[in-house]
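Hi,

Here is the structure I said I would send over. Have a look at it first, and then read on for what turned up when I went through its pockets.

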Amino acid sequence: MKCIAMIPARYAATRFPGKLMQTLGGKTIIRHTYENTVATRLFDEVIVVTDSDIIFQEIIENGGYAVMSYKTHESGSDRIAEAVANLDVDIIINVQGDEPFINRDSLQNLLAAFNGPQNTVQVASLMKLITDPELINNPNCVKVVVDKNMNSLLFSRSVIPYPRDKESSAGYYQHIGVYAFRKPALMNFAKWEATPLETTEKIECLRYLEHGIPLKMVITSYMGISIDTPSDLAKAKRTYNR
């Protein structure tokens, strides 16, 4: 199988514009993400796809591989689909551009989800067990519930499952927004209109569920720091300096 990693990188992020060009230990966030993904040695190619000349030049001038996205997109997956449309590839991993601490183990486990004998998995993603009540109740933390086969049932910013029985043993999982797709699944995603749940929750993978395609969820211990706000950047700098 030919596997590539695509890193969607939009400059005008809603909550923190220009965040990918902020620095961490003397390097930009997007450069950390790109170089750490390359360093895993899991992929035939690692490509940054961006709508920004600034980000494009940052990657190219530092020896990386970047392409320009020429359309306006609602999600990173839509942006990636444009970039890979004419590429000969089997599996595509979407690594978010604001994940400077991405590591090999989590990506390797995600790729392994596609190794089953029947090749039934179309889309896979990561999740992590969480126990912090503040995180569980935080709408910026997307939760996921799964069936016994580790296929996603629902993603939500709300508390799911809702603890009506306070003694319930059900766990809570945070969705880690790193995706892997078979190319046909990704291309279908890009053809579909945004769906009602996706639009309401602002969670792109709900588009798959609303078309009857579950995501194979892979448990990970990885808990990087997504740079969504200036406070996230401050936290990342503290972590990096340690």
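α3 is the top contributor to the lining of the second largest pocket, giving three residues. That is in a predicted model, by the way, so please read everything below as computed from it. The second largest pocket has a volume of about 210 Å³ and 13 lining residues. If you want to find its centre on screen, look for Lys-71, Thr-72, His-73, Asp-78 and Ala-190, which lie nearest to it. Besides α3, α6 (183-191) also gives two or more residues to this lining. Sorted by class, the 13 come out as six charged, five nonpolar and two polar.

Now for the largest pocket. Its volume is about 1900 Å³, and 46 residues line it. Nearest its centre you'll find Arg-15, Lys-19, Asp-98, Arg-157 and Asp-228.

Which element gives the most to the lining of the largest pocket? That would be β10, with five residues. β10 spans 172-182, and the other elements that each supply at least two lining residues are β1 (3-9), α3 (76-84), α7 (196-201) and α9 (230-241).

As for the classes, the lining of the largest pocket has 16 polar residues, along with 15 charged and 15 nonpolar ones.

Cheers

Note on methods
Residues are numbered from 1 along each chain as its sequence is written. This is a predicted model: local features need pLDDT of at least 70, side-chain atom pairs count only at pLDDT 80 or more; totals for chains, interfaces and linings use all residues. Side-chain values use heavy atoms; hydrogens and water are left out. On a 1 Å grid over the protein atoms alone, a cavity is a set of points where a 1.4 Å probe fits but cannot get out, and a pocket is an open set with protein on both sides within 12 Å along at least five of seven lines; lining residues have an atom within 4 Å of a point. Grid points are joined across faces, edges and corners, and a volume is the space filled by probe spheres set on the points. Helices (H or I, at least four residues) and strands (E, at least two) are DSSP runs, numbered from the N terminus. Ala, Val, Leu, Ile, Met, Phe, Trp, Tyr, Cys and Pro count as nonpolar, Asp, Glu, Lys and Arg as charged, and the others, Gly among them, as polar.
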